[in-house]
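Here are my notes on the model you sent. Please read them with the structure open.

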Amino acid sequence: MAEPEIESIARRLEGASPPEVLEWAVETYGEGLTLSVSFGGAEGMVLLDMLSRITGRVRVFTLDTGFLFRETLRFRAEVMRRYRLPLEVVRPQLTITQQAARFGERLYAHDPDFCCRMRKVEPLERALRGYAAWVTGIRREQTAQRRETPVVGWEERFGVVKIAPLARWSSEQVEEYVRERGVPVNPLLERGYRSIGCEPCTRPVGIGEDDRAGRWDGFEKTECGLHWVKEGA
């Protein structure tokens, strides 16, 4: 699909509801479509719930960095007993022990960008191979970098169409869907965490802070590189 056609579709779907966007994606790409879910934020759970109401054949994948909270791992296992979509857990090529032997202990504490590239971006590249379109839960209001996120766009780095059905939604709309549908969410969200990633790089968010302020505390970093790459990186 050429970029001008993708831009035209994005304009057409700008006012569509997330389920309508997902229905279009399933009809267009079928099993060439994949959904990424971190099992951290509520957005991924909302999309998992919506997609499971449309189809049982689209593959879901999640990135397991080896540094995830125990609560996230338990939650993932519990959730996938509820939903009928097939799940693939994608892991880095190096174990934590191998990474420490090669690059030193606590790489995340002194070079988090490099750590994210190895433990998130490279596994994502592998996960997307063979797929035409990727569904993600990012929203425009989450960060300044995400403010221009199209509902449908071309992701040059990974060679796929990137679909963000929740791009226009507010956090209140996400929370309302969770309440109304009884969607399970990570228990850490009730303990002050708003964006949940790797345990060493995630803290609860204070009053007045944005959702991703608790990621990579002490660094000018709010993105792991899956959705946005800073200039010069």
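Predicted model: local features only at pLDDT ≥ 70, side-chain atom pairs only at ≥ 80, totals over all residues.

The points below cover the pocket, the core and one hairpin.

1. Residue numbers count from 1 along each chain.

2. The largest pocket. Its volume is about 830 Å³. The lining has 41 residues. Ser38, Gly40, Gly41, Glu43 and Ile196 are the ones that lie nearest the centre.

3. Where the lining comes from. Helix 3 (42-52), strand 2 (59-63), helix 7 (112-128) and helix 8 (171-181) each give two or more residues to the lining of the largest pocket. Helix 8 provides the largest share, with four residues.

4. In the largest pocket, 15 lining residues are nonpolar and 15 are polar. Another eleven are charged.

5. The largest nonpolar core. This core has 49 residues. Leu33, Met45, Leu48, Val152 and Ile163 have the most contacts inside it. Among the elements that give two or more residues are helix 1 (3-13), helix 2 (18-29), strand 1 (33-36) and strand 4 (133-135). Helix 3 gives the largest share, seven residues. In soluble globular proteins, nonpolar side chains tend to be buried together.

6. Ile163. What does Ile163 touch, leaving out residues up to four places away in sequence? The list includes Val21, Trp24, Ala25 and Tyr29. Leu33 is on it too, as are Ala133, Trp134, Val135, Thr136 and Val151.

7. The hairpin. Strand 5 (residues 152-155) and strand 6 (residues 160-163) run antiparallel, joined by four bridges. Glu155 has Val160 as its bridge partner in strand 6. Four residues lie between the two strands. In the turn, Gly159 has a positive phi of about 65°.

Terms used
Heavy atoms only, no water. Pairing = 2+ DSSP bridges. 1 Å grid on protein atoms, 1.4 Å probe; cavity = no way out; pocket = protein on both sides within 12 Å on 5 of 7 lines; lining within 4 Å. Points joined across faces, edges and corners; volume = space filled by probe spheres on them. Nonpolar A, V, L, I, M, F, W, Y, C, P; charged D, E, K, R; others polar. Core = buried A, V, L, I, M, F, W, Y, C linked by side-chain atoms within 4.5 Å. Buried < 20%, exposed > 50% of the residue type's maximum accessible area, 1.4 Å probe, protein only. Contact = heavy atoms within 4.5 Å.
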